[in-house]
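Please look through the structure below with two topics in mind, the surroundings of the ligand and the interface between the chains.

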Amino acid sequence: MSSIVIQFLNGLAGASALFLVAAGLSLIFGVTRIVNFAHGSLYMLGIYIAYSAIGWASGSDGPGPMGFWGGVLVSAIAVGATGALTEMLLLRRIYGAPELFQLLATFGVVLVLKDFALWVWGPEDLLGPRAPGLQGSVAILGQAFPTYDLVLIAIGASVLCALWLLLRRTRWGMLVRAATQDREMVGALGVNQKWLFTAVFALGSALAGLGGALQIPREPAQLLLDLSVIADAFVVVVVGGMGSVPGAALAALIIAEIKSFCVGIGQLDVLGFTVSLPKLTLVVEFIVMAIVLVARPWGLLGRAPGPQRVFAGGHEQPLQPAVRSALLAILALLAAVPFIANGYTVVLLIDILVFALFAASLHFLMGPAGMASFGHAAYFGLGAYGAALLVKAAGFPMETALLSAPFVAAAGAALFGWFCVRLSGVYLAMLTLAFAQIAWSVVFQWDTFTGGSNGIVGVWPSPWLASGSAYYYVALTLCGCGIWLLRRIVLSPYGFALRAGRDSPLRCDAIGIDLVRMQWVAFIVAGTCAGLAGAIYAFSKGSISPETLSIPLSVDGLVMVLLGGVQTASGPVVGAALFTWLQDTVARNTDYWRALLGGIIIALVLLFPQGIVGFIRQRFGRSGSL
Amino acid sequence: MSMAAMLSARRLIAYYGQAQILSDVSLDVASGEVALLLGRNGAGKSTTLKTLIGLVPMAGGEVVFRGERIDGLRPYQIAQRGLGYVPEDRRIFTDLTVSENLEVGRQPARKGLPAWTVKQLYKLFPNLAEMSARPASQMSGGEQQMLTIARTLMGNPACVLLDEPSEGLAPVIVDAMVAAIKEMKSQGLAVLLSEQNLHFAEDVADRAYIIEKGSIRFCGGVSELRDNDSVRSACLAL
Ligand SMILES: Nc1ncnc2c1ncn2[C@@H]1O[C@H](COP(=O)(O)OP(=O)(O)OP(=O)(O)O)[C@@H](O)[C@H]1O
Ligand SMILES: [Mg+2]
């Protein structure tokens with residue numbers, strides 16, 4: 001009995017932390033419709049700033065003159081200001097741009113903030129001070145419970161009440177709720193939304209900062225927090241219903257309680273199998289999210305969004321003769337590379353080819369099929385692990401493994417896609433993220449089969465392909481075929497129907513096209529091609545790790561596609577080449593390559609909201625062929 | 001046209017994507033006047049009103065409101081200059097209560113214009129008074145229509161664009177709409193009323209424009225229109 005109460009209180013403390021981050025994200029999304037990937041970075045910033053503010057001018061032990069709570073407050077305010085500044089300098093200029101470009105811009109902010117933290121606080125984990133007077137624990141039903149966690153619970157509840165009053169009892173709150181439902185109408189009633197948006201960003205960011213700062217006695221400040229927190233916060237927001245603060249509270253509570261009880265119960269014997277519930281905590285929220293989204297597509301307390309267009313897709317056309325010959329020339333040049341370039345270039349080019357295929361497959365999903373995936377790395381990783389395991393565990397020859405691995409990814413895509421295509425827009429994107437995270441954590445934890453966090457080593461090509469240039473030709477051929485195939489599909493009758501479905505789903509329904517089924521097929525096709533890219537990657541590196549299906553790789557894929565431009569077929573290839581090359585050159589010359597890349601991304605978004613290839617096309621009036 | 005036009009639009013052009021919806025719309029509304037915009041389904045009535053309030057970008061033409069060019073301004077800027085817009089699909093904030101909906105519409109009073117209070121509006125629409133704390137999601141269509149008009153009046157506009165306020169409503173409610181429009185008129189507001197229900201509209205309107213395929217085809221007094229069967233049958237679905 002008493003242990004149940006303790007587990008419950010543990011859950012409440014976790015819920016309080018989750019709620020603070022998620023409430024801000026939900027508010028920001030509700031009003032501005034911006035999916036703010038940088039929200040986790042703001043949390044990370046909160047914990048770092050609190051570390052410094054509390055310890056500022058302090059002695060070797062104990063907080064400085066500002067005190068613990070002063071430091072927490074300073075951190076929340078500073079992070080709120082950072083959020084407001086980001087909104088005013090960057091996001092305000094791109095509210096009119098397609099949603100995915102806004103997303104890209106916030107990725108840029110993620111990269112910049114990460115390197116900012118690296119620059120200021122260094123790469124080491126920083127363990128912050130404990131709250132004065134709250135280091136101990138209190139006895140609850142005979143069991144010790146940390147005093148600080150009780151305070152955390154109280155703060156979470158107070159913030160919830162304060163937010164509720166703010167939203168219910170003030171004119172500002174009414175405007176926020178009205179704008180969450182129909183911001184255009186709020187504008188037509190004479191409300192200047194500029195400051196409403198800035199204020200919402202400031203508030204939401206300050207909540208993230210507060211959430212981070214309050215964790216300082218519980219967890220170290222570290223650079224990986226940004227993406228792990230954003231994933232958690234997304235899940236909470238999506239489960240609760242995007243834009244709903246009470247929903248965020250409810251979802252945070254459910255998820256945190258389930259996690260807490262998983263840890264509390266420990267091992268469980270079911271039908272002779274031992275299930276380790278604590279290990280489940282890595283995925284449990286994503287499982288909850290998948291269930292909720294399938295049962296209630298708009299979250300527990302959310303409402304169906306208005307018709308949302310994630311972005312305008314392009315209208316692919318067959319190549320014009322001039323472009324076709326240019327393409328052949330590029331291919332010929334690529335084929336000649338091993339004779340004219342050094343080994344390093346060849347290795348870099350293999351990477352570029354792999355990621356070009358990966359990005360092209362993601363583009364196929366996002367452009368022609370109109371489905372943005374935030375978890376495309378799952379299929380890349382399944383391909384990579386499929387290839388490695390077929391060689392290592394099943395004893396296949398390398399060539400067979402390379403060609404069979406895409407089918408492993410296809411099977412994964414068929415399974416995950418079956419659920420995903422039932423949703424649309426941001427919700428679909430979130431579900432793809434959830435599945436990717438589930439796949440990642442299975443691979444990460446299944447030590448005996450996948451090698452766990454160490455991954456699998458010694459995945460080399462057969463001897464006749466062992467030289468760099470031989471494998472380069474394999475990569476060139478397979479990636480070229482993959483990209484060519486994707487393009488053939490886009491231009492086929494199926495591709496036309498797919499695009500028609502994307503552009504007017506209702507009409508498609510009316511004339512009897514089974515859009516859901518077509519999108520499912522598209523999901524599988526894209527997954528297969530990503531898997532092929534993953535398999536080629538595995539043999540080119542000789543070893544793989546769970547990073548091949550992690551969120552950062554999914555994010556890289558999105559950046560590549562958006563960098564090149566969603567509306568053009570060559571966009572992802574150009575974007576992948578540029579991204580891979582930039583990452584390679586910049587990373588070799590500075591520790592702060594992420595910030596540089598982020599800065600470039602932000603500049604590109606501000607200068608070319610249509611993507612690079614889209615810009616060139618618009619600027620030089622090339623008609624639909626590039 | 002009229003000497004003291006409060007709102008006058010000249011040769012409006014507007015597109016949805018590639019499709020040209022408005023090709024030549026010119027109209028004037030004066031203070032204390034109700035001008036009628038008649039037309040078949042899809043003729044471009046709603047698009048005209050949306051273009052005037054700035055929700056649909058103008059591709060050509062000009063709009064002068066109270067002596068000032070307003071084309072190219074953002075919707076909130078146009079609304080802040082005293083142009084009120086009542087959308088066809090009402091766009092009530094269903095998460096908010098009736099009184100909160102009114103609050104969202106509130107703008108400061110303007111010099112020389114009637115300043116509406118919640119109390120006055122509840123008098124004009126007695127149904128709303130009884131349900132001021134009710135969530136707007138739990139209102140009938142007619143009640144929602146009253147709320148959307150009241151919400152716009154909270155902004156103390158000089159001119160109101162009303163998009164088919166009688167659509168799909170019971171006769172009693174339509175009577176309430178007539179009373180409300182007459183009240184606005186008597187307060188000196190200019191009203192541009194888009195309608196298909198001629199019986200309702202004739203009751204309150206002074207002048208009429210007929211729009212067809214995005215161009216104004218007829219302009220004249222309501223009595224003129226009543227007597228002119230050929231225009232009526234040519235341009236309206238009666
Ligand atoms: N959002 C939109 N996108 C594309 N076309 C649109 C859109 N809204 C309206 N249209 C088209 O513009 C034309 C004019 O529409 P509008 O709504 O102005 O007509 P209306 O006169 O108000 O008709 P109704 O009496 O049915 O309200 C129609 O042909 C319609 O199909
Ligand atoms: Mg209409």
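Helix α1 (residues 45-53) of chain B contributes three residues to the shell around ligand 1, the largest share of that shell; helices here are DSSP runs of H or I with at least four residues, numbered from the N terminus. The model is a predicted one, in which local features need pLDDT of at least 70 and side-chain atom pairs count only at pLDDT 80 or more, whereas totals for chains, interfaces and linings use all residues. Residues are numbered from 1 along each chain as its sequence is written, chains are lettered from A and ligands numbered from 1 in the order in which they are written, and side-chain values use heavy atoms, with hydrogens and water left out.

In total 13 residues surround ligand 1, and the closest are B:N41, B:K45, B:S46, B:T47 and B:E88, a residue being counted if one of its heavy atoms lies within 4 Å of the molecule. By class, the shell consists of three nonpolar, six polar and four charged residues, where Ala, Val, Leu, Ile, Met, Phe, Trp, Tyr, Cys and Pro are nonpolar, Asp, Glu, Lys and Arg are charged, and the others, Gly among them, are polar. The side chain of B:K45 places an N or O atom 2.7 Å from an oxygen atom of ligand 1, while a polar backbone atom of B:G42 is 2.8 Å from a ligand oxygen and a polar side-chain atom of B:E164 lies 2.9 Å from one. Taken alone, ligand 1 exposes 640 Å², of which the protein buries 59%, with accessible areas from the Shrake-Rupley method and a 1.4 Å probe.

How many residues does each chain bring to the contact between chain A and chain B? Chain A gives 18 residues and chain B gives 22, contact meaning heavy atoms within 4.5 Å. The two chains bury about 1,900 Å² between them, 54% of it on carbon and sulfur atoms; this buried area is the accessible area (1.4 Å probe) lost when the two parts are put together, summed over both. A:R171, A:M185 and A:L189 supply 29% of the area that chain A buries against chain B, more than any other three residues.

Four salt bridges cross this interface, each defined by a side-chain nitrogen of Lys or Arg within 4 Å of a carboxyl oxygen of Asp or Glu. In one of them B:R91 pairs with A:E184, with the closest N and O atoms 2.7 Å apart. Helix α6 (residues 171-188) of chain A gives 12 residues to the side of chain A that touches chain B, the most of any contributor. A salt bridge also links the side chains of B:E103 and A:R171 at 3.6 Å, N to O. Because B:E103 lies in helix α3 (residues 98-105) of chain B and A:R171 in helix α6 of chain A, this pair joins two chains.

Methods:
A polar contact is a pair of N or O atoms within 3.5 Å; within protein, one must be able to donate a hydrogen and the other to accept it, and residues adjacent in sequence count only if both atoms are side-chain atoms.
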